[in-house]
Amino acid sequence: MGAVSWFVLAMGVFGLVLYGVLQHSVAQERDSRLFGVKIPAEEKGNPVFQSIRKTYRRQGGRMLLLGAAACWVPVLFGAFPSLQFLYWIVWLFLFYYLAVLRPYIAANRRLAACKAESDWVTFPGPGGEPWEDERYWRYGLFYCNPNDSSALVPGQFRNGMTFNLGNRKGRAWFIVLCTVIAAILIGLLVFLMPIDFSTPRFSLAHGSVVVDYPVFGTSIPLADIESVSLTSTAPDTTFHPNGGGTSEWARGMFVHGGEKMTVFIYSGCPPYIKAMLKDGSAFYYNEKDPADTRSEYAQLRRAIGWTAAG
């Protein structure tokens, strides 16, 4: 697998571990609240609570197994980082909804219904803060209080802040945050798509070697080339300060052993054109078809005034 595949897989595993910790945490009682519902002290031993907890954890366990299996799907898109990234985004949002939101909301509704049927009476804490009143917490997760002018309030689990969706200011900030996140994700996808689905084009024009390719395209003056050869050894493309690659290709700027390299290659498809430049850097290029690579190599040698036997 390529570096991107491993990264996507690692992010999925990290998400699953984080979910496991979160799932255990939210099923615990905090400040006399369980799943966002305030519970009377005298009812804490009610067997209904254990039943709701077990159902929540059982649903979470199933989703954890499903999510673990789905983590490996991006490996099928190893040659296309943009598709891996798109899959990861969809997986993240679906997993958050199916494994986090949906079970929590179901537990909140069930516990709230049980409280209403049993006529349990609870009161806000001694501070009397508006956000302490569970009536303003929709599904136990979303704070919606039009009488509270605050845009941000402490979160349900008191470990962060959340937006007040009950007033215009809170909704505006929430929309801004969602818009920024969406813009970043779409921007990354737009950046990656052309790289995945474009093919480097080799040409000789205006006294230069030109490689036409999105983002990482380059132009090298023939006068800067010190030597050129065909090699069966692919460059080491492990470290790429300004490039990218998969198990099938590598494109952009790479560094190995202190040597800077401009690389546009298909891995496992020798030979490779290797040009050493006067500044000590190297240029590697090949095509999927070895015959095309040899043809471009001959064109390059003729362009810089060498014979085929030179």
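Me: Leaving aside neighbours within four places in sequence, what is Asp-196 in contact with?
Reply: This is a predicted model. In it, Asp-196 is in contact with Ala-79, Phe-80, Pro-81, Ser-82, Leu-83, Tyr-213 and Trp-249, once neighbours within four places in sequence are set aside.

Me: Which helix does Asp-196 lie in?
Reply: Asp-196 lies in helix α4, residues 168–197.

Me: Is Asp-196 buried or exposed, and what is the nearest side chain of opposite charge?
Reply: Asp-196 is buried. The cut-off for a salt bridge is 4 Å, from a side-chain nitrogen of Lys or Arg to a carboxyl oxygen of Asp or Glu.

Me: Okay, sheets now. What is the strand order in the open sheet of 6 strands?
Reply: The order is β10-β14-β15-β13-β12-β11, and the pairing is mixed. β10 (225–231) and β11 (239–245) stand at the edges with a single partner strand each, so one side of each has no neighbour in the sheet. The twist from one strand to the next averages 15°.

Me: How many bridges join β12 to β13?
Reply: 8 bridges. The strands β12 (residues 249–256) and β13 (residues 259–266) run antiparallel. Gly-252 has Val-263 in β13 as its bridge partner.

Me: And the sheet of 3 strands, what is its order?
Reply: That open sheet runs β7-β8-β9, with antiparallel pairing. β7 (201–205) and β9 (218–221) are at the edges; each has a single partner strand, so one side of each lacks a neighbour in the sheet. On average, neighbouring strands of this sheet are turned by 20° against each other, direction ignored.

Me: What stands opposite Val-209 in β9?
Reply: Ile-220. The strands β8 (residues 208–212) and β9 pair over 4 bridges.

Me: Switching to the largest nonpolar core. Which residues have the most contacts inside it?
Reply: Val-209, Ile-225, Val-228, Phe-264, Phe-283 and Leu-300, out of 21 residues in that core. Two or more residues each come from β8, β10, β13, β14 (272–277), β15 (282–285) and α5 (290–303). β14 gives the largest share, 3 residues.

Me: How many residues are in the second, separate core?
Reply: 15 residues, including Phe-35, Ile-52, Ala-107 and Trp-120.

How values were computed
Residues are numbered from 1 along each chain as its sequence is written. This is a predicted model: local features need pLDDT of at least 70, side-chain atom pairs count only at pLDDT 80 or more; totals for chains, interfaces and linings use all residues. Side-chain values use heavy atoms; hydrogens and water are left out. Two strands pair if DSSP finds at least two bridges between them. Axes are lines fitted to C-alpha atoms, for helices over the stretch in contact, and angles run from 0 to 180 degrees between N-to-C directions. A nonpolar core is a set of buried Ala, Val, Leu, Ile, Met, Phe, Trp, Tyr and Cys residues joined through side-chain atoms within 4.5 Å. Buried means under 20% relative accessible area, exposed over 50%, partly exposed in between (1.4 Å probe, protein chains only). Lys and Arg count as positive and Asp and Glu as negative; His and the chain ends are not counted. Contact means heavy atoms within 4.5 Å.
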